[in-house]
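Open the model in your viewer and keep the selection panel at hand. The tour goes from the whole chain to single contacts.

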Amino acid sequence: MKTALTTLFTLFNFFLFGQNMYMAKPVTHFVEVYDEKGMTISANVGTVKGSPLWRDEWCNANVEMFNGKKFTKLPLIINLVNGHIQFKQGDAEFQFVDAIQKITLFFQEEGVADSITIIKLSPDNPLLYELKKSSTKYQLLQMINKRAVDTYDYGKSSGGKKFELFKENYLLRMTSNELVSIKGKSVADLFTSDTEAAIQILPAAKKRKQLSVQDISTIIAAL
């Protein structure tokens, strides 16, 4: 009797946990594929070369939601085409009901342990950003996504489509929540309210018409 009650209690807790975390139906990570113009591809994803995923293997991750919920050591996989994030339980894949704000993924790169932090800026925005550098006032972010683009083979009009990774770097001003592309931007363009302090940290920035990612990382680390 005690064993039966324990089993029922465990199943009840699992059901409650599932209501907060799982969708009712499993999903696949090969969905909603778009070309470089943002148009839906009607063909099966299998006809597109390469992978829409950030990594093809499942990676353990710590997850933080916009509503404050936190989970640890969940096996995740990330679709960079549509921004979908799935987790695995047994042989089934599920999506989160609540909007994800931040995930820290742990993986192996050539036998060396590594990690990456990926964030979303709002619950309704599917775009994913890798957090490269952070302070209380600024964050250096790299938007990462994949698109299906045309390829061309020698002697053929088209080689079909393949998934290609696109990256773009941004500076997020935390106090105003402004997201600014760093491309072609000077120290005064990027650190508008902290220009003098930024120049004191990196004097060479004063003469540069465009700051590099390393320049911006150096400034953010010291501000």
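**Whole chain**

Of the 223 residues in the protein, 39% are buried (under 20% relative accessible area; exposed is over 50%, partly exposed in between; 1.4 Å probe, protein chains only). This is a predicted model: local features need pLDDT of at least 70, side-chain atom pairs count only at pLDDT 80 or more, and totals for chains, interfaces and linings use all residues. Residues are numbered from 1 along each chain as its sequence is written, and side-chain values use heavy atoms, with hydrogens and water left out.

Switch to cartoon. The protein has 4 helices and 10 strands. These are DSSP runs, numbered from the N terminus: helices are H or I with at least four residues, strands are E with at least two. Along the sequence the pattern reads α-β-β-β-β-β-β-β-β-β-β-α-α-α.

Now show the surface. The protein exposes about 13300 Å², and carbon and sulfur atoms supply 53% of that area (Shrake-Rupley method, 1.4 Å probe; for residues, only the protein chains shown count as cover). Of the contacts with a separation of 6 or more, 52% are between residues 24 or more positions apart. Contact means heavy atoms within 4.5 Å.

Select Val-63, Leu-76, Phe-96, Ile-103 and Leu-105. In the largest nonpolar core, of 21 residues, these touch the most other members. Such a core is a set of buried Ala, Val, Leu, Ile, Met, Phe, Trp, Tyr and Cys residues joined through side-chain atoms within 4.5 Å. Strand 1, strand 2, strand 3 (85–89), strand 5 and strand 6 (112–119) each supply at least two of its residues.

Centre on Leu-76. Leaving out residues up to four places away in sequence, Leu-76 touches Val-63, Phe-87, Phe-96, Ile-103 and Leu-105, among others.

Then select Leu-171, Val-187, Ile-199 and Leu-211. They are among the 16 residues of another core, which lies apart from the largest one.

**Aromatic rings**

How many aromatic pairs are there? Rings of Phe, Tyr and Trp (its six-membered ring) pair if their centres lie within 6.5 Å; planes under 30 degrees apart count as stacked, over 60 as edge-to-face and the rest as tilted. The count is 6 aromatic pairs.

Select Phe-71 and Phe-96. Their ring centres are 6.5 Å apart and their planes at 35°, so the pair is tilted. Phe-71 lies in strand 2 (residues 70–78) and Phe-96 in the loop between strand 4 (92–95) and strand 5 (100–109), so the pair ties together parts that are 25 residues apart in sequence. Both Phe-71 and Phe-96 are buried.

Phe-87 counts as buried, at 1% relative accessibility. Phe-96 stands at 11%.

**Charges over rings**

Next, select Arg-55, in the loop between helix 1 (2–21) and strand 1 (59–65). Is Arg-55 buried or exposed? It is buried, with a relative accessible area of 16%. Its charged end sits over the ring of Trp-54, 5.6 Å from the ring centre (NZ of Lys or CZ of Arg within 6 Å of the centre and within 35 degrees of the ring normal).

Show polar contacts. The side chains of Arg-55 and Glu-109 are joined by one of 3.0 Å. The Arg-55 side chain also reaches the backbone oxygen of Gln-108 at 3.1 Å. A polar contact is a pair of N or O atoms within 3.5 Å; within protein, one must be able to donate a hydrogen and the other to accept it, and residues adjacent in sequence count only if both atoms are side-chain atoms.

Finish at Arg-147. Its charged end sits over the ring of Phe-166, 4.2 Å from the centre.
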